[in-house]
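Dear colleague,

I am passing on the structure we spoke about, with some notes on what I found in it. Please have it open beside this message as you read.

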Amino acid sequence: MLRAAARVFRRQGTGGSVVAISTKNVFDPGAAFGAYSASKAAAHQLARIAALEFAPLGVRVNLVNPDAVFGDDEVPSGLWETVGPDARARAA
């Protein structure tokens with residue numbers, strides 16, 4: 001996706017912005033989340049490299065690192081029932 005976006009940005013010549021979603025887990029990993037942590041760390045690093053490569057095109061790349069999202073009493077996500085209490089967010 002980033003490669004295709006770079007071609008478009010290059011043709012347009014107007015700069016732009018890319019927003020990538022990473023996770024707080026990149027900076028505060030926990031046990032039993034190896035596959036999740038590795039995939040998010042890879043996405044995070046790819047966005048950092050894209051920031052370097054897109055800069056000459058006038059394109060800014062930002063990362064959003066959200067914490068766990070489990071919904072609330074009014075609109076539950078159902079995720080808590082799937083992953084269980086061992087997946088509680090860790091304090092930053």
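This is a predicted model: local features need pLDDT of at least 70, side-chain atom pairs count only at pLDDT 80 or more; totals for chains, interfaces and linings use all residues.

Helix 1 covers residues 2–12, and its buried residues are Leu2, Ala5, Ala6 and Phe9. When one looks down the axis of helix 1, these buried residues fall within an arc of 105 degrees, so they line one face of the helix. On the face of helix 1 that is turned away from the buried side, the exposed residues are Arg3 and Arg11. Just after the helix comes glycine 13, which takes a positive phi of about 65 degrees.

As for what the buried side meets, the buried residues of helix 1 pack against strand 1 (16–21), helix 2 (34–54) and strand 2 (59–64). Helix 1 and helix 2 pack at an angle of about 20 degrees, and their axes are 12 Å apart. Because an angle under 35 degrees counts as roughly parallel, helix 1 is described as roughly parallel to helix 2. Helix 1 passes helix 2 in a right-handed crossing. On the side of helix 1 the contact is made by Leu2, Ala6 and Phe9, and on the side of helix 2 by Leu46, Ala50 and Phe54. The residues of this contact divide into six nonpolar, no polar and no charged.

Note on methods
Residues are numbered from 1 along each chain as its sequence is written. Side-chain values use heavy atoms; hydrogens and water are left out. Buried means under 20% relative accessible area, exposed over 50%, partly exposed in between (1.4 Å probe, protein chains only). Helices (H or I, at least four residues) and strands (E, at least two) are DSSP runs, numbered from the N terminus. The arc is that of the directions from the helix axis to the C-beta atoms. Contact means heavy atoms within 4.5 Å. Axes are lines fitted to C-alpha atoms, for helices over the stretch in contact, and angles run from 0 to 180 degrees between N-to-C directions. Angles under 35 degrees count as roughly parallel, over 145 as roughly antiparallel, 65 to 115 as roughly perpendicular and the rest as oblique. A crossing is left-handed if the near helix is turned anticlockwise from the far one by less than a right angle, and right-handed if clockwise. Ala, Val, Leu, Ile, Met, Phe, Trp, Tyr, Cys and Pro count as nonpolar, Asp, Glu, Lys and Arg as charged, and the others, Gly among them, as polar.
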